[in-house]
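User: Please guide me through this structure, beginning with the terms that I shall need.

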Amino acid sequence: MKQRLSRPTVLQRGLFALGALLSVAIALVSYRYLVPGVLAPEGVAANGFVMPWLPMHATAAATALLVAPLQFRARLRARRPGVHRWLGRLYVTGCLIGAVTGLVLAFGASTGPISTLGFGALALVWGVATARAWRLARRRDFVAHREWMIRSFALTFAAVTLRLYLPIAQLLPVEFDDAYRAISFLCWVPNLVVAEAYLRRRRRARDAGGAQLAT
């Protein structure tokens with residue numbers, strides 16, 4: 001007898017829809033760097049490696065953000081597995097290019113070594129998580145693959161949380177550079193913590209369901 005998966009709650013569906021909307025919005029805004037003559041914000045433009053790495057990074061990360069919400073649609077996986085696989089390849093390519101170029105940009109951070117460490121760690125963990133998810137899919141270990149894809153997307157979503165924190169930082173009674181150093185960690189570490197908490201809860205629910213079926 002197969003275990004029936006619980007349906008997402010209204011809150012979960014709402015949070016997914018909000019996350020997808022924010023991902024698409026940030027992705028579309030990030031594509032502006034493909035337009036000739038569009039300048040980066042002052043703080044970003046001060047990065048020592050802004051050209052040509054920023055346009056490459058923004059485009060790759062934006063593509064991953066744009067594709068990611070579709071990959072979590074169960075209907076797409078079930079009804080169009082070929083589309084899911086091709087979009088998955090596009091997502092992985094975007095993440096890996098984004099991670100490599102993000103690492104280069106981290107070393108050019110104008111706010112110093114703390115920002116370099118924060119954004120550099122993000123780039124490394126992002127690349128490792130995505131590569132791990134891809135390898136598990138190749139091995140057809142789809143349960144573990146989905147778990148690592150959730151981690152990967154939590155890190156991809158740092159592009160969104162970064163932009164949510166920036167306007168808040170400008171309102172705080174602290175120097176913006178100090179706030180930006182904190183954001184280099186805050187934009188992704190909490191995302192990963194939430195992802196791990198979600199995965200742990202899902203494993204407990206799965207184990208409890210399996211135990212009930214065994215009795």
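Analyst: A crossing is left-handed if the near helix is turned anticlockwise from the far one by less than a right angle, and right-handed if clockwise. Helices are DSSP runs (H or I, at least four residues), numbered from the N terminus. This is a predicted model, in which local features need pLDDT of at least 70, side-chain atom pairs count only at pLDDT 80 or more, and totals for chains, interfaces and linings use all residues. Residues are numbered from 1 along each chain as its sequence is written, and side-chain values use heavy atoms, with hydrogens and water left out.

User: In which handedness does H8 pass H9?

Analyst: The axes of H8 and H9, lines fitted to C-alpha atoms over the stretch in contact, come within 10 Å and cross at roughly 155°. Angles run from 0 to 180 degrees between N-to-C directions. The two helices are therefore roughly antiparallel, the term for angles over 145 degrees. The crossing of H8 past H9 is right-handed.

User: Is Asn191 buried or exposed?

Analyst: Asn191 belongs to helix H10 (residues 189-214) and touches Ala154, Phe157, Ala158 and Thr161, not counting residues up to four places away in sequence; contact means heavy atoms within 4.5 Å. Buried means under 20% relative accessible area and exposed over 50%, with partly exposed in between (1.4 Å probe, protein chains only). Because its relative accessible area is 12%, Asn191 is buried.

User: Which residue has its backbone oxygen 3.2 Å from a polar atom of the side chain of Asn191?

Analyst: Leu122 is in contact with Leu155, Ala158, Cys187 and Trp188, leaving aside its neighbours within four places in sequence. The backbone oxygen that lies 3.2 Å from a polar side-chain atom of Asn191 belongs to Cys187.

Conventions
A polar contact is a pair of N or O atoms within 3.5 Å; within protein, one must be able to donate a hydrogen and the other to accept it, and residues adjacent in sequence count only if both atoms are side-chain atoms. Angles under 35 degrees count as roughly parallel, over 145 as roughly antiparallel, 65 to 115 as roughly perpendicular and the rest as oblique.
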